[in-house]
Amino acid sequence: MKSHISTTINGDSVEFLCEPSQTLLQVLRNDLGMTGTKEGCGSGDCGACSVIFDGELVCACLVLGVEAQGAAIETVEGVAAHDQLHVIQEKFLEHAALQCGICTPGLIVSTKALLEENPSPTEAEARYFLAGNLCRCTGYDKIIKAVMDAAATMRQGA
Amino acid sequence: MSEAREFKHIGQRTIRPDGFDKVTGKANYGADLSLPGMIWGAILRSPHAHANIKKLDVSRAEASPDVLAIATFEDFPSVNAAAQRDGTHREGMMDTACNILANQKVLYHGHAVAAIAARSQAAAIAALDLIDVEYEVLTPVLNIDDAISATAPILHETMMTQGLAEPATEASNVSARMELKKGDIEAGFAAADVIVERAYDTPTVHQGYIEPHATTVVFNDNGPSMIWCPTQGHFDVRARVAQLLNLELGQIKVVASEIGGGFGGKTTVYLEPVALILSKKSGRPVKMEMSRGDVFRASGPASASQSRIKVGAKMDGTITAMQATLHYEAGAFQGSPMGPGCMTVFTPYDVENLYVEGFDVVVNKPKVAAYRAPGAPQSEFAAEMAVNELAKKIGMDPIEFRLKNAAKEGTQTIYGPKLKVVGLEACLEAAKSSPHYTAPIPENVGRGLAAGFWFNIGGQSSVIINLNPDGTGTIIEGSPDIGGSRASMQMMAAEILGVAPSSLNPIVADTEHVAYNQTTGGSRTTFATGMAVVEAAEDIVEQLKARAAAMWNVTAEQVDFKDGVAQNLSGEDQLTLAEICASAEKTGGQISGRANINARGAGPSFAVHICDIKVDKETGKTDVVRYTAIQDAGKAIHPSYVEGQFQGGAVQGIGWALNEEYVYSKDGIMENAGFLDYRIPLASDLPEIEAIIVEVPNSFHPFGVRGVGETGIIPPLAAVGTAVAEAIGQPISSLPCSPPKILKLLMAAR
């Protein structure tokens, strides 16, 4: 029996039907066509499916679709305002903080969560906050530089 | 290439053209394509590491209304029982086919046995229970020692060791032996004052790309079938699928999706031919995905290895002889990177007397695939560890010891050619004066240093550049972009055409829209495809000159083209590229440039890495506290992405050295097939990775490029291994230097 779920994704009211066993990640990707959120492991170990769920950073593969009832969800598709990139996105590009780019959506969302919680992280704090987002290409060096630069730029703008 | 050239775009840090889509979630990767009417495939995998399939019965699945198609080995017309009976089977595809869907025998835990397609992914997975398989379980062979023992169970009854002095008479798990030599190894050791001889081993590790394998396909009887997949080489996917399914190349179109990491692991096929069989049988588009567990258990990891190294030197630091015996696990089917392992092991050294022997060994583990400089990290780890130990024994600084013996222009390699101009000495000098090496070693910290060598390749690339009537353009290439290569292509074309890089849009075209391109691998893309881009742009420059000449009523020889502007040498007239394009209609139609090349002259890239490590003596936990990667790029087209290759390679090597390994039960079940337990480095595990680009130009490339993708993974194994050895005051001979292993060494020494 599928459940009828009403939720909010990136500010839009969204309704969908889902099996009780379906994860939020499967709903986003396969039912709603929102493939910006990536699957790297399906077990909450890689962070590629990071989304912000009622203000909290979660792995969408560890949340059930039915749990989205009445929730407010932010995905990578909602980070930029139309064609205007978020500072975090601009800094990732400026610092070449992505190579293949598969972990990037999750990292952008996680970085946003980090900087909302802690606008002035130390490098160590950034590294520990983002430890749940695996990147195999970059060795994290340029990611951390992008995050620190984004934090500094956002503090100036605030 | 000796004098420094002034560049306008090369060497700048531009924003990559595909960046916007990748930071906003718009870029489409392997699992991101869904099609109308699409169904899902799933694969039944072996629960055993080694077993005969006594019975494979799909009748219950066939009878189920949920099951829309089934695939087994017998659906490969190129190799199935019928083809074998009538002698038309393709022997060369047998291992590939048997790895994709098992034929009468399963050879590793997770080996694919059959596939099912159903209306949803969940339904397909559930329907796998309807396939009945009866196994006769055999003893698994899980390491090199067991595989080569006289009593070992034999994986392949017909496999005879190739490359022996006397032809083999009995089946063996050793598929091949090779030997390379130079000079007189006995005399070399006789001339040595000090000799180090030691055995080393490295574990099975995985490339660990974050994107699992996935594909969406549509079989089409009346035109080309379509395969969408993340691959380093879509032309190679096309060739393999065509051979497996007895199709012509023109009957298949492969679209390379964006690719979420590969590192060599996405250079073969697993799901694609199976999905196409299911699509053909069901008449529906079919999508398949591997789970992370499937990726670990059933895609190709990198070989575990055992190496014995002997190095001799005089007290003045001259190395007189180097000898290696190298064993590589190939996994379930023959074909480890034993060859390149043997060829690279001692190449950083200009030594008169060398002897290398290599063995390719099959075991009940997944068939290995390429992993960044395949074969070299294992063998060079062993060689560099021994070299460091030797340097210490004779009391020489490891950099001075290497400088004394460094390979350079004219060094005769063990595998054939003499080296051209190479940058090892320049890297060693850069290491010597680096902020890291000149800093004192902090208390309780061990420091290690190691060099690395990788050949790099060139090969076939095809490029078309189309200019638009307003002077913007499209670069149509066929090299999947894994790490920002589109940016380099754009910059190289812009340099030649004298336009802004952003005015040229690079596209990685499918197999129908550009001629054949070799796989993105061997660190070849910026070198070879870059060379094709340059030649295509130069082709355009010639046409622009001719068009301008036509407008000025002069000959093309009277026209110069520089910085995007054509100049009439017999007058004052000038025309910009955009102006020539705008009037192309009147001078013969629109303008395209083209190059189809087989690039020769790839320049090897040497690297030197420095690592500082702190070890917690209570737990055996290691921390990398400082790390520097120095490498010769020839010429860095986009320095940020060159540094990124150094840093990424370094960190994969750090993972290999410190944590990563396949852990097997005695039954051959991989016990850590997930990112929680197979622990790749996290952001919190690492310091900054300092990257120093050395530029010793490769004279065979128009801008001096050497490939940089692979070398960076080689030095970390011994740089880390040596740093750990220094930190705990004991030799390291086995990777990974995981806490339990280090603790054991520390306890034993107490």
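1. In chain B, strand β17 (residues 459–467) pairs with strand β18 (residues 473–477) in the antiparallel sense over 4 bridges. Strands (E, at least two residues) and helices (H or I, at least four) are DSSP runs numbered from the N terminus, and two strands pair if DSSP finds at least two bridges between them. Within this region L467(B) stands opposite G473(B) of β18(B).

2. On provenance, this is a predicted model in which local features need pLDDT of at least 70 and side-chain atom pairs count only at pLDDT 80 or more, while totals for chains, interfaces and linings use all residues. Residues are numbered from 1 along each chain as its sequence is written, and chains are lettered from A and ligands numbered from 1 in the order in which they are written.

3. The open sheet of chain B has 4 strands in the order β19-β18-β17-β23, with mixed pairing. Strands β19 (504–508) and β23 (592–599) of chain B are at the edges with a single partner strand each, so one side of each lacks a neighbour in the sheet. From one strand to the next the twist averages 15°.

4. Axes are lines fitted to C-alpha atoms, for helices over the stretch in contact, and angles run from 0 to 180 degrees between N-to-C directions.

5. The largest nonpolar core has 291 residues, of which A493(B), V720(B) and V724(B) touch the most other members. Such a core is a set of buried Ala, Val, Leu, Ile, Met, Phe, Trp, Tyr and Cys residues joined through C-beta atoms within 7 Å; buried means that 20 or more other C-beta atoms, placed from the backbone, lie within 10 Å of the residue's own. Helix α17 (residues 525–552) of chain B gives the most to this core, with 11 residues.

6. Beyond its neighbours within four places in sequence, V720(B) has contacts that include G448(B), C611(B), I654(B) and C737(B). Contact requires C-beta atoms, placed from the backbone, within 7 Å.

7. Between the chains, 43 residues of chain A are in contact with 43 residues of chain B. On the side of chain A that touches chain B, α5(A) gives the most, with 4 residues.

Definitions and conventions: Buried ≥ 20, exposed ≤ 12 C-beta atoms within 10 Å, placed from the backbone. Contact = placed C-beta atoms within 7 Å.
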